[in-house]
Amino acid sequence: MIAALRRSSASVMFLDVLSSSAGMGKSSVGQLCPHRLSFPSVRLESNACQRSLKEVSRATFFRGSSQLVCKQSTTVRSKVRVGKGSQERHIMTTCNAAVSAGSESALAQKVDFKKLQNGSDIRGVALEGVDGEPVTLTEPITEAIAAGFAGWLLDKKNVEGFVKLKISIGHDSRITAKSLQSAAARGIAGAGLDVVLYRLASTPAMFNSTMTVQDDLLCPVDGAIMLTASHLPFNRNGLKFFTNAGGLGKADISDILSRASKIYEKMSDKSREVSQSAAEAVVNEVDYMERYTQDLVEAVRKGAGGVEKPLEGFHIVVDAGNGAGGFFAGKVLEPLGAVTTGSQFLDPDGMFPNHIPNPEDKKAMEAIKKAVLEQKADLGIIFDTDVDRSAAVDSSGRELNRNRLIALMAAIVLEEHPGTTIVTDSVTSDGLTTFIEKKLGGKHHRFKRGYKNVIDEGIRLNQIGEECHLAIETSGHGALKENHWLDDGAYTMVKLLIKLAAAKVSGEGSGSEVLSNLIGELKEADFASELRFKINQEHPDLGSGTFREYGEQVMKKLESMVESDSTLQKAPVNHEGVRVSGFGGWFLLRLSLHDPVLPLNIEVIGRSIFLVEYVLILGFNRHEYLFVGLIHVQIKRREAFIVQASVS
C-alpha cells in the first residue's frame, strides 16, 4: 500500500513509500519493515508529484482534490500503531500525509446505512484496531453519504438552469479527518456540485459559512458538512450537515442515508475515478476560520462598548483538549487584550493524549481547574472536540458547567430580555427552576434530552408566540436566538466575556466574581448522580416486544405507584420520562434516545438519602435484573450507594 501524499510547496520531496511487495515488487534500494513490506525511496519534484507517483505505482493511484490516495490502501497511521497488522508510514519530507480510512474491499461489503444514524448526526467507526469495533465508516461509505447530501440539497433548493450549488467541508482533529474529507469531496463533486474545503474547523463555523456573505471566501455556501464525532474515542468519526436554515433533523438524515445506500450499491472503481476527476475541477480551499474568529472578536468589542481591547488585564486560560478549539486563545482572546499564558492542549491531536475533549468529563474539568489555579488566572475555558460545547472555571476553581452554566447564561439573557423563556433538557435541577423563575423572573421550560430537541423547542415556542432567547442543555450545547439558534460553544463563552468586559468598563467589577455573583443564589444539590440501567433484551419478560416498549411499561408501572403515594409529587408538566419530587430531592426515570438503557437521574438536598432508596425499591422491585445486582448491595449500605452511584 502507499500512503496518501499531500501536495507540498517544497521544491523537492523525498518519500519512503510503503508498498506491498505483491503490488509493486521488492525494491533493490528499499528497506524491509517488520511486516515484510518494502520501502523503495522515490525522489519527486513537487510540481510533478502526481505524474511521478502514478508512474512509480504503475497506475494504482487516483488523484484526490488535494492529495493522492492509493486505491488499494488499508487503514494506516503515522506515529501510533493501531492493533495487529497495522503499518506505520515513514514520511521523510515536509509533506503532510493523510490517514487513509477504509479500503476498496469495502465496496464488496453489505452496509446497513441506517445503523450509522445517531439522531440528527451520523456516527461510525472510521479506524480499525480496537477489538470488537469493526470499521463502519469507510471512504466509499463517506463518499456515498456526501453524494446523498448533495442530492438532498439539490431537491431542497430546487435549482434550475445553470445555477451550481456549493458545499463546504470542515473537520476536527481526528486522524481519519483528511481522508474522509477527500472522500466527501468526491461524493459532492460526482453529484455535480462545487466543493469548498475549510480543513481544520469548528462545527459552528461550518453553519456560519452558509450565512456569511464574502466572495473571496466563496460564501455563502448552500450546504455544509462537518466531519466530527464530538467527544467519542479516536477511532470514531461522523458527519453533521447544515443549510442556512440550521442543522438537519432526524428525518433529513434518514433521507440522506437512504439515498446514500442506493448510491453505494451502484458504486464501482470506475465511478469513483469519474468522481475524482470531477473533484479536481471543482474543489477550492479557503481559510474560513479567520473570518469566523474575527466575528467573535468583533462581538466582544461591540458588547463592551466598542473598546479595542476590552479584556486587557484579564488572564484567561484555554483547554482545547487537542481538538479543534485551540484557535480561541490566539485568535480571539489575545486580540482582545487577554493574557493566555498557561493555556493547554491547543495543538490538534486526534489521539487526544491528555484527556477527552468533553466539558462533562471529570478528568477534563480537573485539568482546566488545575491550570486556572496554578496560573492564578481569572477564568478558564474548555471546549469539546468540535467546539459546539463549552464550560468555564472561575478564579477559585469553581466549575461553571451543567446547571451552573445554564443559570449563568439565563442570568445574562434575562438581563437583556426580561421575562423570556429558557428552554433546557429534562435533567436540570429543581433548584435551577426556582432560580430562573423566582430570582430572575423568567420562565423555565424543561424539555427532552438531546441538543436538537432542545433547540427545536426554543424555535417552536417563538413560532407560537412565546418569546424564547436561550435553549441550552446540561451537556454544554447552548443556542441563542441572536446567534441564529446555533449551538456554538465559542459564542457561549463570548457571552461570558462580554459580561466580564462590560463590567470592567462600567466599573462594576474586574474578575470572574462578576460571573460567580450572578449565580450566587442558585440552590444546588448535595448529592447528584445518574445511574444507567441496561435493559436485558434477551430476558423473557420482553417477549416479542422491543426494549423501547418494555421501557415504557416500566415507566408506566412507576408512574402508577407514585400517583398512589401521597408523599411524592409527579411533575405536572414533563416531556420525557417520569419526574418525581419528594423528601427534599427529585428523580427522573427516562428511556435513552437511542440505546436499550433506562437512565435514572437523582438529586438530593440535605440528608434525604432515603429518597434514593425509596426510588429504587418502589420503582424497580419487580424488574431487578435491570440493576445487574446493584440494588441489593446499595439498599443495605447507604454510604456505599453514594460512593458507587456517583461513579456509575
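This is a predicted model: local features need pLDDT of at least 70, side-chain atom pairs count only at pLDDT 80 or more; totals for chains, interfaces and linings use all residues.
User: Is α11 enclosed or open to solvent, judging by its buried residues?

Analyst: Buried means under 20% relative accessible area. By that cut-off, 11 of the 15 residues of α11 are buried, so the helix is largely enclosed by the rest of the structure.

User: Which residues of α11 are buried?

Analyst: An α-helix has 3.6 residues a turn, so residues three or four places apart point the same way. In α11, the buried residues are N403, L405, I406, A407, L408, M409, A410, A411, I412, V413 and L414.

User: Now a single residue. Where is R590 found?

Analyst: Start with the flanking elements. R590 sits in the loop between β29 (585-589) and β30 (597-604).

User: Does R590 count as buried or exposed?

Analyst: Compare its accessibility with the cut-off. R590 has 4% relative accessibility, so it counts as buried.

User: With which side chain does the side chain of R590 make a polar contact?

Analyst: The partner is the side chain of E530, at 3.3 Å. Leaving aside neighbours within four places in sequence, R590 also has contacts that include S426, R449, M555, E576 and N601.

User: What about the whole protein: how many of its residues count as buried, as a percentage?

Analyst: Of 648 residues, 57% count as buried. The secondary structure comes to 19 helices and 30 strands. Among contacts between residues at least 6 apart in sequence, 68% join residues at least 24 apart.

Conventions: Residues are numbered from 1 along each chain as its sequence is written. Side-chain values use heavy atoms; hydrogens and water are left out. Helices (H or I, at least four residues) and strands (E, at least two) are DSSP runs, numbered from the N terminus. Buried means under 20% relative accessible area, exposed over 50%, partly exposed in between (1.4 Å probe, protein chains only). Contact means heavy atoms within 4.5 Å. A polar contact is a pair of N or O atoms within 3.5 Å; within protein, one must be able to donate a hydrogen and the other to accept it, and residues adjacent in sequence count only if both atoms are side-chain atoms.
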